Amino acid sequence: MKPKQTHADSPAHGLERMAFFSDAVFAIAITLLVIEIHVPHVAAPYSDTAFLEALNKLIPNFIGFFVSFFVIGAFWAGHHRAFDCARHWSPRLFLPNLLLLSAIAAMPFFTAFSSEYYGHRVPTAFYCGWMILISIFNILIQRALTAPPVVGEHVTPAQRRMIRQRGLAALLASITAFVTSLFIPFLAQVVLITIPLWRMLLVRLAPAR
């Protein structure tokens with residue numbers, strides 16, 4: 001029987017390569033967010049009022065930028081936290097990780113779309129729906145990283161539970177935001193800040209033993 005290939009003797013250290021590649025995708029996606037905020041056109045003769053009015057029209061774009069920036073940052077932090085639990089390489093990590101990264105890479109488009117038509121149902125629903133997809137892919141890679149044969153022997157059940165609860169909290173907040181987008185579109189993205197509240201609720205429902 002062929003022994004399982006471990007992290008230390010895997011070709012080119014598979015876990016590190018996957019983590020570095022993932023970090024690069026997160027970094028590029030989070031940087032591309034600001035590219036979608038274009039310098040406003042102000043016609044001559046220039047005046048303070050004209051500049052302020054032009055900047056005022058960009059407020060939805062900046063809201064979308066900051067919301068998506070911290071959302072991607074939160075998913076990156078969770079991804080990093082889950083990878084800290086991994087000690088053994090497995091090819092089964094490829095698909096869920098690529099699915100998550102592909103969804104993250106598309107965030108600049110959905111951010112620009114929802115910001116350009118801020119407060120409208122369809123663009124906002126697509127943004128929140130995409131967040132649901134990211135959350136599902138995030139849960140898949142978290143579970144793969146915190147389960148045998150990948151998870152390290154040093155990881156406690158409490159650590160695994162905490163990581164998985166965080167992933168589930170993001171999914172529940174995204175679903176809440178999507179439902180909100182169907183009825184009150186301009187509030188939907190703000191609802192994403194309920195992620196910590198969902199996490200607290202999950203901890204109460206399933207406290208550490």
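## Basis

The model is predicted, with local features requiring pLDDT of at least 70 and side-chain atom pairs counted only at pLDDT 80 or more, while totals for chains, interfaces and linings use all residues. Residues are numbered from 1 along each chain as its sequence is written, and side-chain values use heavy atoms, leaving out hydrogens and water.

Helices here are DSSP runs of H or I, at least four residues, numbered from the N terminus.

Contact means heavy atoms within 4.5 Å. Not counting residues up to four places away in sequence, Met131 touches Val71, Phe75, Met107, Ser174 and Leu192.

## Packing of H3 and H4

The axes of H3 and H4 (lines fitted to C-alpha atoms over the stretch in contact, with angles from 0 to 180 degrees between N-to-C directions) are 12 Å apart, at an angle of about 165 degrees. The two helices are therefore roughly antiparallel, a term for angles over 145 degrees.

From H3, Ile72, Phe75, His79 and Phe83 meet Asn97, Leu100 and Ile104 of H4. By class, this contact has five nonpolar, two polar and no charged residues. Nonpolar covers Ala, Val, Leu, Ile, Met, Phe, Trp, Tyr, Cys and Pro; charged covers Asp, Glu, Lys and Arg; the others, Gly among them, are polar.

## Two buried residues

Thr111, in H5, is buried (under 20% relative accessible area, with a 1.4 Å probe and protein chains only), at 4%. Beyond four places in sequence, Thr111 touches Leu33, Gly64, Phe65, Ser68 and Tyr127.

Ile139 lies in H6 and is buried, with a relative accessible area of 16%. Leaving aside neighbours within four places in sequence, Ile139 is in contact with Gly167, Leu168 and Leu171.

## Cis peptide bonds

Most peptide bonds are trans. Ala44 and Pro45 are joined by a cis bond with omega about 0 degrees; Pro45 sits in the loop between H1 and H2 (48-56). The bond from Pro148 to Pro149 is also cis, with omega near 5 degrees, and Pro149 is in the loop between H6 and H7.

How values were computed
Angles under 35 degrees count as roughly parallel, over 145 as roughly antiparallel, 65 to 115 as roughly perpendicular and the rest as oblique. Buried means under 20% relative accessible area, exposed over 50%, partly exposed in between (1.4 Å probe, protein chains only).
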